[in-house]
Amino acid sequence: MACAFSAKDVTLRYGEKHLLDHVDITISDGDRVGIVGRNGAGKSTLLRLLAGQEEADHGEIARRWGLTVAYLPQTPELHPEDTITQAALHYLPARPGENVENAAYEAQTILTQLGFADTLVKVGTLSGGQKMRVALAGVLCRPCDVLLLDEPTNHIDIDMSQWLEDRLMSFRGTLMVVTHDRYLLERAFNRILHVGGGRVDSYQCDYAGYLEERAQREEMAEATLRKNKSLYRKELAWIRRGAQARSTKAKGRIERFDQLTDSIREAPPEQTLNMKSVASRLGKKILSWEHLDVSIDGENLIQDFSYTLLRDDRLGIVGGNGAGKTTLLCTLVGELPPAGGIMERGETVKIGYFAQHCPPLDPDTRIIDAVRDVAVHVYTPDGDLSASQMAETFLFPSGMQYQKVASLSGGEMRRLYLLRILMAAPNVLVLDEPTNDLDIETLNVLEDYLDAFQGAVIAVSHDRYFLDRVTTHLFAIEHRKMVPYIDGCESYLAKMKSEAMQAKPREESTPAPQAPRRMNQPALKFTFKEQRDFDTIEETIAGLEDQLEQLGRELEANSADYTKVTELMAQQEETQARLDAAMERWVYLQDKYEAMQAAQQGKSE
């Protein structure tokens with residue numbers, strides 16, 4: 001297979017930091033590469049080098065002659081006076097012999113699919129997320145050999161993420177994408193590059209295989225280090241006894257000892273993010289709203305939404321761009337007044353609101369002062385921690401804490417923003433697109449933290465994996481109504497796809513012959529959330545049935561106490577509703593499991 005790119009002995013440093021240190025990689029035609037690594041590790045830099053947007057300090061990057069490359073950075077530059085159609089067409093230079101009308105038609109088609117009703121609107125009126133979608137249409141509207149995309153799912157909604165995944169799955173050229181979207185990583189790529197510590201490690205497998213192989217490599221490296229340390233101790237004892245350096249044999253042994261000394265020098269241990277649980281006490285009454293209407297600038301976005309938030313609720317909210325997700329959160333946290341309805345908040349409720357865009361900080365503020373402005377210390381299960389200790393757990397070591405905020409990358413700013421919110425010890429977390437600009441390792445830690453969080457969580461996100469992993473209830477904003485989806489993102493996306501198919505005008509011409517079935521069509525399987533529910537649903541149902549029996553006994557025992565009976569009946573009603581929902585979920589999971597078994601049996605036959 002022909003080589004698309006090759007990097008030989010490439011080195012690039014920013015200040016004291018080696019982003020790439022003598023890196024060698026080869027990208028072949030047709031490779032589908034997902035690029036992962038921590039914030040600031042050099043993922044975006046690697047894409048810029050391959051796209052020719054940046055030059056290495058040392059080494060060589062070769063590109064096959066005649067290769068056409070489409071590159072999408074995290075922050076694309078567009079001309080504000082262009083219409084979005086013009087901006088998409090002008091994003092990449094026209095190619096010799098190109099049919100401009102065809103490219104314009106394709107650009108308008110993609111813009112419509114990406115949610116733009118008016119393709120003549122000016123770029124200067126768009127939000128950052130909308131500009132990203134215009135640039136995305138620009139890189140997709142012309143055929144190319146290579147697609148280089150840097151975090152393309154940031155700032156687009158969940159159904160657009162699904163649309164992009166389908167589009168990338170059908171792309172036949174070389175694909176390289178920096179992303180933290182774990183479903184996209186799992187389904188669209190056959191090779192993973194891990195960037196970090198100045199290295200680029202290649203894994204010739206999908207994302208699940210990468211996780212397994214990386215763990216194996218780390219275990220082998222630790223075993224090799226232990227073996228070398230044991231050999232080093234023996235050789236050190238021989239050296240101390242006084243080696244006769246005059247003999248050839250002794251000289252060779254001394255040289256090997258020097259090499260062994262280098263091999264046991266360990267790199268500084270990689271810091272790990274450790275979020276501490278700092279929630280305040282939460283009373284029985286939390287948040288509730290009845291017949292809530294939400295609007296902004298006179299435009300009604302959501303009508304007649306009623307819900308009572310429970311202590312352990314994990315509520316997910318999805319919907320198209322402009323549907324009102326952020327406005328709803330601003331209303332729930334009190335930043336905007338409701339347009340109608342009643343909202344009630346318990347006296348002990350302390351909300352932590354993680355907004356989609358970090359509020360500005362004085363760039364000359366030191367990191368430690370930005371943390372101390374919220375709290376000097378907080379109580380955690382490990383005891384009282386100072387602001388400096390909490391900053392260290394969020395990967396701001398003591399030597400870094402006196403740097404100015406202006407020195408931080410986008411991902412580090414999001415981490416500092418999250419730290420400031422948790423320093424206030426909230427007991428209700430409201431998260432607006434928390435996965436934007438965070439690397440996968442930080443997302444994993446955040447998800448584990450939310451699992452153990454002693455309070456309620458409301459999250460707006462386009463990250464399907466995050467929603468399946470964290471939330472237990474999902475609402476979608478559809479036609480100004482909050483529509484619940486018991487089966488999570490999968491059922492929501494299935495409905496969106498069905499509606500899109502029904503909305504397509506039927507072509508009266510003879511239908512094109514159906515494409516042959518792809519051999520690598522993904523098998524029917526559980527999502528992460530479905531597998532978790534399938535493993536625990538029977539235990540959950542049994543527990544709820546036991547609770548109902550216990551409540552029945554308590555009702556009999558307290559029949560003379562009107563206040564107690566009222567409270568117990570409310571608990572009984574709530575528990576029965578949860579049991580009914582769990583039974584519906586069990587039926588759905590059983591049906592899907594049987595379909596999976598039948599499909600597997602059909603394959604084996």
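1. Let me start with a helix pair: α3 passes α4 in a right-handed crossing. For the term itself, right-handed means the near helix is turned clockwise from the far one by less than a right angle, and left-handed means anticlockwise. The axes of α3 and α4 (residues 128-140) come within 9 Å and cross at roughly 140°. That angle makes the pair oblique, a label for whatever is left once angles under 35 degrees (roughly parallel), over 145 (roughly antiparallel) and 65 to 115 (roughly perpendicular) are taken out. Axes here are lines fitted to C-alpha atoms, for helices over the stretch in contact, with angles from 0 to 180 degrees between N-to-C directions.

2. Before going on, some housekeeping. This is a predicted model, where local features need pLDDT of at least 70 and side-chain atom pairs count only at pLDDT 80 or more, while totals for chains, interfaces and linings use all residues. Residues are numbered from 1 along each chain as its sequence is written, and side-chain values use heavy atoms, with hydrogens and water left out.

3. Who meets whom between α3 and α4? From α3 come Ala107, Ile110 and Leu111, and from α4 come Val134, Ala137 and Leu140; contact means heavy atoms within 4.5 Å. By class the contact has six nonpolar, no polar and no charged residues. The nonpolar set is Ala, Val, Leu, Ile, Met, Phe, Trp, Tyr, Cys and Pro; Asp, Glu, Lys and Arg are charged, and the others, Gly among them, are polar.

4. Now the other neighbour of α3. Helix α2 (residues 84-91) packs on α3 (residues 100-113) at an angle of about 120°, with the axes 9 Å apart. The two are therefore oblique to each other, and their crossing is right-handed. On the α2 side the contact uses Ile84, Thr85, Ala88 and Leu89; on the α3 side it uses Ala103, Ala104, Ala107, Gln108 and Leu111. These residues divide into seven nonpolar, two polar and no charged.

5. Helix α1 (residues 43-51) is mostly covered, with eight of its nine residues buried. Buried means under 20% relative accessible area, exposed over 50%, and partly exposed in between (1.4 Å probe, protein chains only). The buried ones are Lys43, Ser44, Thr45, Leu46, Leu47, Leu49, Leu50 and Ala51. Just after α1, Gly52 takes a positive phi of about 80°.

6. His22, in strand β2 (residues 17-28), has phi near 55° and is partly exposed at 48% relative accessibility. Ala425 also has a positive phi, near 55°; Ala425 sits in the loop between α12 (410-423) and β17 (428-432) and is buried, with a relative accessible area of 14%.

7. Val374 lies in the loop between α10 (367-372) and β15 (377-380) and is partly exposed, at 32% relative accessible area. Leaving out residues up to four places away in sequence, Val374 touches Arg420, Met423 and Ala424.

8. Overall numbers, to finish. The protein has 17 helices and 20 strands, both taken as DSSP runs numbered from the N terminus (helices H or I, at least four residues; strands E, at least two). Buried residues make up 46% of the 605. Of the contacts between residues at least 6 apart in sequence, 70% join residues at least 24 apart.
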